[in-house]
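Please consult the sequence and structure as you read.

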Amino acid sequence: MIRRKGNPRVKRVLGLWLLCLCVAGSGLGLAQESRDRVLIKIFESDPEAKTTSYSLATNELHIEPPSGYVELIRDNTTLEAKQVDYAQESQVAVLQRDVKVTDPEIDLWTDKLTVQFNDDLYIAEGKVRLMQWEVDAQGERGAQELYLTADKVTINDAAKTVQAQGRVYVEEADRRVWSETMDYDQQREIMVFTGDVRMETESGNRLQGNRVVVDLATDEVTVFGPVTGEFILETEEEAEPVGD
């Protein structure tokens with residue numbers, strides 16, 4: 001359930017009304033400092049607008065500010081959307097409409113995002129775009145490591161894996177890949193593409209197969225199934241004539 005002392009804190013910030021709700025419970029509670037927590041902020045320009053409804057029977061929260069948006073903040077990750085439904089019993093939040101996720105390593109945009117907080121699982125659906133960045137010891141972003149688009153992307157933050165399905169497109173290093181699915185194991189540094197896979201490199205080489213495995217640690221590519229390829233043959237430049 002939502003616990004509060006006195007009235008919710010409401011204050012004027014950058015022209016928007018900010019309502020901070022502390023979500024308490026297993027894994028997300030503020031009852032003990034040792035527990036994890038999620039801070040929900042509701043931004044709405046109209047102080048009289050209905051933004052939130054809460055069911056005492058089911059412990060479910062529906063947030064939909066008419067002209068604003070909602071933020072869920074957990075550690076260094078910020079989730080933003082125009083509509084949020086949160087079920088406390090299952091510790092599941094569903095974000096819809098103009099969803100954006102930002103943390104030091106990842107930016108993600110999608111139509112719908114389901115978050116299972118207990119399992120550190122994020123399921124994005126509908127026009128998903130994801131960017132992964134290099135981050136130094138000070139937490140500063142460097143170069144872009146990965147760009148991904150797909151119909152559905154599942155991020156298991158605990159297992160450090162990313163799965164993509166449906167019209168997958170990936171830019172990584174000097175490669176571009178199209179496929180039906182992708183499985184990315186960050187700990188093993190392995191990417192597996194399946195289903196009508198096409199790969200192109202900046203140098204112009206092309207590969208096509210049913211399954212392609214990319215070892216990011218060794219920069220080796222293994223192709224399975226019927227394979228077709230086009231490779232640019234490098235030739236030695238003609239030696240310039242020596243003057244008389």
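**Aromatic pairs and ring contacts**

Q: How many aromatic pairs does a search of the whole structure find?
A: This is a predicted model, in which local features need pLDDT of at least 70, side-chain atom pairs count only at pLDDT 80 or more, and totals for chains, interfaces and linings use all residues. Residues are numbered from 1 along each chain as its sequence is written, and side-chain values use heavy atoms, with hydrogens and water left out. Rings of Phe, Tyr and Trp (its six-membered ring) pair if their centres lie within 6.5 Å; planes under 30 degrees apart count as stacked, over 60 as edge-to-face and the rest as tilted. The search of the whole structure gives aromatic pairs numbering 3.

Q: Which strands hold Phe 43 and Tyr 69?
A: Phe 43 and Tyr 69 are stacked, at 4.6 Å centre to centre with 10° between the planes. The pair ties together parts 26 residues apart in sequence, because Phe 43 lies in strand S3 (residues 39–44) and Tyr 69 in strand S6 (residues 69–74). Strands are DSSP runs (E, at least two residues), numbered from the N terminus. The strands asked for are S3 and S6.

Q: Is Phe 43 buried or exposed?
A: Buried means under 20% relative accessible area, exposed over 50%, and partly exposed in between (1.4 Å probe, protein chains only). Tyr 69, at 24% relative accessibility, counts as partly exposed. Phe 43 has 8% relative accessibility and therefore counts as buried.

Notes
Helices (H or I, at least four residues) and strands (E, at least two) are DSSP runs, numbered from the N terminus.
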